[in-house]
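Biologist: Can you walk me through this one? I would like to start with the domains and then look at a few residues.

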Amino acid sequence: MEPDIFNVLKKYLQAGGSPEKVVDLLSENYTAIAQTVNVLAEWLIQIESVDIKEVQVLVESHLKEMVIKCFDPKKADSIFTSEGEIPSWLAEMIEYPTWRLLFYKLAEEYPDCLMLNFTIKLISDAGYQGEITSVSTACHQIEVFSRVLRTSISSFLEGGEDAIEKNLQEFTKMVCHGEHTYLYSQVLMHILAQEPKGGFNIRRLCQELQRCANEKGLDITPITMALCGAAAYPRACQALSSMLSRQALNPADITVLFKMYSEADPPPVDLIRVPAFLNLLIDTLFKLSSRINPDHKSKYIYLLAYAASVVDILKKGGRKSVNKEELKPTIQALEKTQALCTDNKGSSELIADVGTLFQCLKFPVVSMGVLKWVDYVVSEPSYFKLNTDHTPIHLVLVDEIATNHILLHQKALDLLIRLFEGSYEELDVLVRLELKKKLLDRMVHLFSGGCVIPVVTYIRKCQDTQDTDVSLIRYFVTEVLDVIAPPYTSDFIQLFLPLIENKDITGSIKSEDGTDPVSEFIVHCKTNYIVN
């Protein structure tokens, strides 16, 4: 328990100290705290009042608290200087998740501690780099940072959308630790994005990082521009940089870009395919409160359509040609839709133009703009109070967008969830329930279009938190049973079966003879699948 005890004993005996006295002093002053803890733990286990794992967690948790409370980085660093090698106990500690978590927490609190920095490297060398994405200490060691970055990117590529949603926040925290870490990460991923296999997924990750960095208030515009190859086009670079840094469009800068992209030999389309810039264009064109000078509106639409539809045909050494086949129809669709959306027409007036809108919604960029516009319209506090249609036209547009564009499913679901969770205190209770049933119908439509797991996951959350009227969950379950048929995936069953088996939800819709859809679903699952 005292690593230096043998050196002390040696000096004492060499100075003529009595061995008997040593024994007396040690036995009188030894308090045996660790052994006492072990004895108490054994007693708890033997009297069978506590499980052995609970006892272990209890002891470890208290020890962690004491270490965090009493930790002295100077004393920790002195361990290395005094011993001159890696303590054997440290190598043993990092084999256990509990103590690795302790080191992560201490490393966040004491980033300058040499002993902790070294321990983080030991943990990384041992193959646990996937655990340390949130440790800022890793950002100070290029070898550790590179290893963690590689592991994180691999997990995103293998795990898909779920992995991005789950881990992006911690990943962003690590990458955005400093300008050097952000630059290093983006340059590395920009090179990987050039690969034909998986390159587009890496580019998506780059763009997610850009978005998160912007939300954190970081000015990453120079890095974004450099990676887009903007240095070769200084006028376009200056115009874009000005707008991205201020997060606002400027007619003068828009005019510069419009002229450059209207020329026979325009800059690369990737230069204006920056998500932050595209969002600014869409917001300006489809936001209700936006005021656009009519002389400049066509330029905004042209640039948005160009970024969304034009393809640079590349060959080794440069660009071979520019494919603009989709540019003109995209411009026309944007012009028609933008005019209809900004005329402030009521629902009844919009019905006359719904055919035109449906045709235009086949273009992804138009659907993106309309989805934002619908969000602005239906978020008005009085919208549902004044709208008495059985299904408001704006929600019908959301259905059509979901039908046409799988990649907009999550954004459509996010909108429906925000509406579903609204309080609507100004509405009568029954009217409020009917409104939420209409929103559930939209979710079922998304579900039937392939957005299965996200929709059912949200409804499960509503049930688990018990903040949703059970009749609404029953309504959702009934509607889903009408549109599904076997075979089912295990993920779907694990999410949906607990809703089906909940008597409060489905008890009133089951029949005694077991021929109802609820009973049939349960029997099918129990018969054909292994259910946890």
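This is a predicted model: local features need pLDDT of at least 70, side-chain atom pairs count only at pLDDT 80 or more; totals for chains, interfaces and linings use all residues.

Biologist: How is the chain divided into domains?

Modeller: Into domain 1 (144–218), domain 2 (229–343), domain 3 (345–450) and domain 4 (453–531). The bounds come from an automatic or database domain assignment.

Biologist: How far apart are the C-alpha centres of domain 1 and domain 2?

Modeller: They lie 26 Å apart. The contact (heavy atoms within 4.5 Å) takes 4 residues from domain 1 and 6 residues from domain 2.

Biologist: And what area is buried between domain 1 and domain 2?

Modeller: About 280 Å², with carbon and sulfur atoms giving 41% of it. Buried area is the accessible area (1.4 Å probe) that two parts lose on being put together, summed over both. On the domain 1 side, Arg203, Gln207 and Asn214 lose the most area to domain 2, together 81% of what that side buries.

Biologist: How many salt bridges cross that interface of domain 1 and domain 2?

Modeller: The rule finds 1. A salt bridge is a side-chain nitrogen of Lys or Arg within 4 Å of a carboxyl oxygen of Asp or Glu. Arg203 and Asp270 form a salt bridge through their side chains, at 3.9 Å from N to O.

Biologist: New topic. Where is Asp516?

Modeller: Asp516 sits in the loop between helix 28 (503–506) and helix 29 (517–528). Helices here are DSSP runs of H or I with at least four residues, numbered from the N terminus.

Biologist: What does the side chain of Asp516 reach, then?

Modeller: The backbone nitrogen of Val518, at 3.1 Å. The side chain of Asp516 also has a polar contact of 2.8 Å with that of Ser519.

Biologist: Last one. Is Ala239 buried or exposed?

Modeller: Ala239 counts as buried because its relative accessibility is 2%. Ala239 lies in helix 13 (residues 234–246).

Technical notes: Residues are numbered from 1 along each chain as its sequence is written. Side-chain values use heavy atoms; hydrogens and water are left out. Helices (H or I, at least four residues) and strands (E, at least two) are DSSP runs, numbered from the N terminus. A polar contact is a pair of N or O atoms within 3.5 Å; within protein, one must be able to donate a hydrogen and the other to accept it, and residues adjacent in sequence count only if both atoms are side-chain atoms. Buried means under 20% relative accessible area, exposed over 50%, partly exposed in between (1.4 Å probe, protein chains only).
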